[in-house]
Amino acid sequence: MDKSYRGQAPQDIYSLLSKPANNKSTPQDKSFNSIFITDFSSASNDVFHIGKNGYRFKDVVLSKSIEEEVQGIVFEQQDKDFFMTLDLVPTNKIMFYGEPGCGKTMLTYVMAGMLHRELKIVNLSKLVSSHLGETSNNLANIFSKYGTKDYVLFIDEFDIIGRLRGDTNNEHNEMKRIVNTLLQLIDFFPSEGFLVFATNNLEVIDKALIRRLDRVIEIPLPDQAAIKQFLKIKLVKYENFLDKINYITLSKSFLGKSFSDIQRTLQKTIKNTLITYRKSGETIKITTKDLEFQK
């Protein structure tokens with residue numbers, strides 16, 4: 001396999017991490033929230049091969065209700081033989097939806113890790129073709145190859161290919177053909193496979209596609225309790241520089257923001273504060289006010 005596509009996954013995927021999950025970190029990169037992908041391409045570059053990972057529920061910040069629901073899905077898969085004896089097919093076709101940066105992709109990593117399956121992420125930029133019929137064929141090939149007990153197949157930004165067939169802004173017959181293909185692929189997706197879709201725009205997804213899924217789960221913006229927990233995880237490595245942080249006040253300032261937004265804001269603020277102190281030669285003291293989100 002061509003290794004020229006090796007590289008790091010986008011940082012915001014890991015906005016929920018409490019620690020790196022890949023123990024094979026390189027000496028050059030020991031960053032807090034990155035993972036080195038050792039196998040990053042397929043022959044046609046239409047799938048990112050992430051492989052198996054060590055992420056677990058302790059590595060993410062979730063509301064209790066969502067964690068219980070997702071843990072239930074994982075348990076169904078882990079105890080599938082029992083459910084199958086009762087003619088109950090374990091949940092294996094789900095969709096996460098919600099605002100960008102709230103952890104849909106990270107949660108998929110966790111599920112793949114808990115199931116000890118390799119994660120395969122569809123590269124839609126390579127999959128969608130301008131040639132008539134090719135996109136449907138590409139989808140069929142991917143579903144056939146990765147719809148087995150060894151993989152979790154993940155299609156992010158699903159609204160790109162799953163849009164309403166009657167959408168007045170989408171008159172191209174090719175899109176209708178793609179949706180019809182998806183309907184068939186989901187209908188006949190093997191019970192031993194595991195399929196995850198994610199979207200920021202549930203309202204534009206064709207309703208027939210949604211009806212064929214086992215679960216459709218909203219991942220909302222974090223509440224104050226989740227933000228507080230996330231901030232404590234993210235700031236622990238800077239604790240020697242922190243000066244009596246008021247986490248209640250700090251978390252309240254980030255209400256309405258996604259985990260990804262909070263992550264980026266913290267990094268920018270901390271770097272700017274450290275630069276100021278380092279240039280002045282003063283003892284570094286990062287305060288609550290320094291870290292609060294500036295509206």
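The buried residues of helix H8 are Ala-226, Ile-227, Phe-230, Leu-231, Ile-233, Lys-234 and Leu-235. Buried means under 20% relative accessible area, exposed over 50%, and partly exposed in between, with a 1.4 Å probe and protein chains only. Helices (H or I, at least four residues) and strands (E, at least two) are DSSP runs, numbered from the N terminus. The model is predicted: local features need pLDDT of at least 70, side-chain atom pairs count only at pLDDT 80 or more, and totals for chains, interfaces and linings use all residues. Residues are numbered from 1 along each chain as its sequence is written, and side-chain values use heavy atoms, with hydrogens and water left out.

H8 spans residues 224–235, 12 residues in total. From its first C-alpha to its last, H8 reaches 16 Å, close to the 16 Å expected at 1.5 Å a residue. The expected span is 1.5 Å times one less than the number of residues. The cover over the buried residues of H8 includes helix H9 (247–253), helix H10 (259–280) and helix H11 (288–291). Contact here means heavy atoms within 4.5 Å. At the start of H8, a side-chain oxygen of Asp-223 comes to within 3.3 Å of the backbone nitrogen of Ala-225. A polar contact is a pair of N or O atoms within 3.5 Å; within protein, one must be able to donate a hydrogen and the other to accept it, and residues adjacent in sequence count only if both atoms are side-chain atoms.

Lys-234 lies in H8. Lys-234 counts as buried because its relative accessible area is 4%. Lys-234 and Gln-263 are 29 residues apart in sequence, and their C-alpha atoms are 7.9 Å apart in space.

In the protein chain as a whole, there are 11 helices and eight strands. Buried residues make up 49% of its 295 residues. Among contacts between residues at least 6 apart in sequence, 77% join residues at least 24 apart.

The pair H1 and H3 was examined next. The axes of H1 (64–78) and H3 (residues 104–115) come within 10 Å and cross at roughly 35°. Axes are lines fitted to C-alpha atoms, for helices over the stretch in contact, and angles run from 0 to 180 degrees between N-to-C directions. The crossing is right-handed. A crossing is right-handed if the near helix is turned clockwise from the far one by less than a right angle, and left-handed if anticlockwise. On the H1 side, the contact involves Ile-66, Val-70, Ile-73, Val-74, Gln-77 and Gln-78. These meet Leu-107, Met-111, Met-114 and Leu-115 in H3. The residues of this contact divide into eight nonpolar, two polar and no charged. Ala, Val, Leu, Ile, Met, Phe, Trp, Tyr, Cys and Pro count as nonpolar, Asp, Glu, Lys and Arg as charged, and the others, Gly among them, as polar.

Asn-53 sits in the loop between strand S3 (47–51) and H1. Asn-53 is classed as buried because its relative accessible area is 13%. The side chain of Asn-53 reaches the backbone nitrogen of Tyr-55 at 2.8 Å. Not counting residues up to four places away in sequence, Asn-53 touches Tyr-109, Ala-112 and Gly-113.

Two loop residues have positive phi. Most residues other than glycine have a negative phi. Phi of His-116 is near 55°. His-116 is placed in the loop between H3 and strand S5 (118–122). At 55% relative accessible area, His-116 is exposed. Phi of Glu-157 is near 50°. Glu-157 is found in the loop between strand S6 (151–155) and helix H6 (173–187). Glu-157 counts as partly exposed, at 44% relative accessibility.

Ala-208 is in helix H7 and is buried, with a relative accessible area of 6%. Arg-212 lies in the loop between H7 (207–211) and strand S8 (215–218). Arg-212 counts as partly exposed, at 29% relative accessibility. Not counting residues up to four places away in sequence, Arg-212 touches Lys-93, Leu-183, Ile-186 and Asp-187. Arg-212 and Lys-93 are 119 residues apart in sequence but 8.2 Å apart in space, C-alpha to C-alpha.
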